[in-house]
Amino acid sequence: MPIGIDGVLSLVPIGTNVKEQAMTTVSEGSSLPTGSQVSPARARILDAAFAAFSARGYAQTSMLEIATRAKVSKRELYALVGNKHDMLVACIAERAGRMRSAADMPEPRDRESLADALAAFGERLLREVTDPVVVGVFRLSIAEAERAPEIAQALDSIGRAAARDELAALLAKAQAHGLLQGPPAELARQFLVLLWGELMMNLLLRLVDTPTFEEVGERARDAASAFLRLHPAGEPAG
């Protein structure tokens with residue numbers, strides 16, 4: 001699975017209902033319970049599935065092994081989650097669901113509030129995606145890229161585009177107030193490059209430890225500051 005030109009395939013879709021997106025990714029005829037429908041048995045199944053996928057690989061893990069680990073029947077396994085691909089998507093969605101919506105973030109109306117918004121966005125994204133469990137999902141995807149490309153496809157559809165679109169929408173609002181110049185999608189890509197650098201690759205290779213909250217905050221603020229130095233204010237739209 002190639003790493004995107006923004007330095008990371010973002011697992012976490014900020015401001016997006018990941019379970020709704022997961023529903024569009026799983027095979028027809030199955031459904032993934034959401035919200036209040038989640039049961040203890042389903043939680044055990046997802047924990048068991050992720051443990052098995054991590055230990056043995058996606059292709060080598062059988063439904064029987066997952067059922068045994070979760071202490072449920074295969075029939076219950078299919079009824080509560082679905083097939084193996086559905087199970088993988090559900091594992092990703094459950095972990096991606098830690099991110100909270102940024103929809104209530106104030107619309108930036110000056111460069112200072114834009115810097116704050118970018119730093120908050122970056123801090124939240126870094127904190128969630130660098131979580132060891134989430135990094136484990138990326139390692140699993142890379143290890144199984146040839147035998148099970150659907151893993152990378154699920155990661156991409158659930159997270160990468162949604163996170164970038166949310167950031168581009170924020171930058172489009174800033175542009176409308178004359179705070180930036182340039183295509184929002186390209187501006188979003190550039191900010192993500194500044195935010196991530198080589199961090200995700202180093203985490204995947206176990207060359208660095210998970211960054212602390214303080215390190216994440218400093219990195220996000222530095223990225224926001226560098227981004228705004230590169231991009232001067234424009235003219236308000238209209």
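**Burial, salt bridges and surface charge**

L125 is buried, its relative accessible area being 0%; buried denotes under 20% relative accessible area, exposed over 50%, and partly exposed the range in between, with a 1.4 Å probe and protein chains only. The structure is a predicted model, in which local features need pLDDT of at least 70 and side-chain atom pairs count only at pLDDT 80 or more, while totals for chains, interfaces and linings use all residues. Residues are numbered from 1 along each chain as its sequence is written, and side-chain values use heavy atoms, with hydrogens and water left out.

L125 belongs to helix 6, where helices are DSSP runs (H or I, at least four residues) numbered from the N terminus. Its C-alpha atom is separated by 8.6 Å from that of A163, a residue 38 positions away along the chain.

Helix 6, residues 111–129, also holds E123 and R127, four residues apart, or about one turn of the helix. These two side chains form a salt bridge, with the closest N and O atoms 3.5 Å apart; the term requires a side-chain nitrogen of Lys or Arg within 4 Å of a carboxyl oxygen of Asp or Glu. E123 is partly exposed at 25% relative accessibility, and R127 is likewise partly exposed, at 28%.

Salt bridges with shared partners also join R56, E65 and R69 into one network. E65 pairs with R56, where the closest N and O atoms lie 2.8 Å apart, and E65 also meets R69 at an N to O distance of 3.4 Å. Helix 3 (residues 63–70) contains both E65 and R69, with a spacing of four residues, about one turn of the helix. R56 counts as partly exposed with 44% relative accessibility, and R69 counts as partly exposed with 40%. By the stated rule, the count of salt bridges comes to four.

A further feature is found on the surface, where D209, E214, E215, E218 and D222 gather in a patch of negative charge. Such a patch consists of residues with over 30% relative accessible area and no salt bridge, like charges being joined within 9 Å; Asp and Glu count as negative, and the place of each charge is CG of Asp or CD of Glu. The areas come from the Shrake-Rupley method with a 1.4 Å probe. Within this group, D209 sits in the loop between helix 10 (199–204) and helix 11 (213–230). D209 is exposed because its relative accessible area is 69%.

Key: Patch = residues over 30% accessible without salt bridge, like charges linked within 9 Å, V, L, I, M, F, W, Y side chains within 5 Å. Helix = DSSP H or I, 4+ residues; strand = E, 2+ residues; numbered from the N terminus.
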